[in-house]
Amino acid sequence: MTDENLAKEQKSKKKVKVIQNFGKRKDAVARATMMPGKGSVTINSMPLGLWGTEFSRMRIQEPIMLASELSKDYDFKVAVRGGGYSGQTEAVRQAIARCLTQAGNKEIKQRFVDYDRNLLVIDPRRNETHHAGSASRRGSRRHEQRSKR
């Protein structure tokens with residue numbers, strides 16, 4: 001084998017560290033893939049600079065800024081579905097934060113928890129289901145509380 005072929009073979013055997021994780025908020029689910037790169041963030045095949053509003057972009061950049069020394073060496077590809085506008089934003093930032101925690105050390109995890117616990121922990125609150133009843137009801141169980149006595 002020549003030196004060139006040997007170098008190509010070793011290069012192809014080199015493992016690329018790819019990390020996948022997810023984030024959830026309300027009905028939105030985001031699946032993030034973190035791979036070695038230059039620090040770009042892509043959401044639904046769209047660069048972060050074009051996705052959503054300025055406020056949502058700032059919310060998504062929070063975990064990236066908190067772990068800036070680690071995140072500058074990785075690219076993020078996120079696929080998000082379901083839910084609404086703010087739910088998707090929260091799901092994306094949670095997915096990115098969980099990827100960074102998986103790749104980093106306990107110090108990064110503690111930094112995320114100190115900043116905002118929802119970066120790592122899924123919020124269990126869900127909407128209450130509709131309860132059928134009179135047509136005048138507008139909410140889930142809309143009536144005044146009544147005394148039993």
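In this predicted model, the side chains of Arg 125 and Asp 123 come together in a salt bridge, with a separation of 2.7 Å from N to O. Elsewhere in the chain, salt bridges with shared partners connect Arg 59, Glu 62, Glu 90, Arg 93 and Asp 116 into one network. In total, 10 salt bridges were counted.

Within the network that includes Glu 62 and Arg 93, these two residues form a salt bridge in which the closest N and O atoms are 2.3 Å apart. Glu 62 belongs to helix H2, which covers residues 54–66, and Arg 93 belongs to helix H4, which covers residues 85–103, so the pair ties together parts that are 31 residues apart in sequence. Glu 62 is buried, with a relative accessible area of 16%, and Arg 93 is likewise buried, with a value of 1%.

A further salt bridge is found between the side chains of Arg 111 and Glu 69, at 3.6 Å from N to O. This pair also links distant parts of the chain, since Arg 111 lies in helix H5 (residues 106–115) and Glu 69 in helix H3 (residues 68–71), 42 residues apart. Arg 111 is partly exposed, with a relative accessible area of 25%, and Glu 69 is partly exposed as well, with a relative accessible area of 42%.

Notes:
Residues are numbered from 1 along each chain as its sequence is written. This is a predicted model: local features need pLDDT of at least 70, side-chain atom pairs count only at pLDDT 80 or more; totals for chains, interfaces and linings use all residues. Side-chain values use heavy atoms; hydrogens and water are left out. A salt bridge is a side-chain nitrogen of Lys or Arg within 4 Å of a carboxyl oxygen of Asp or Glu. Helices (H or I, at least four residues) and strands (E, at least two) are DSSP runs, numbered from the N terminus. Buried means under 20% relative accessible area, exposed over 50%, partly exposed in between (1.4 Å probe, protein chains only).
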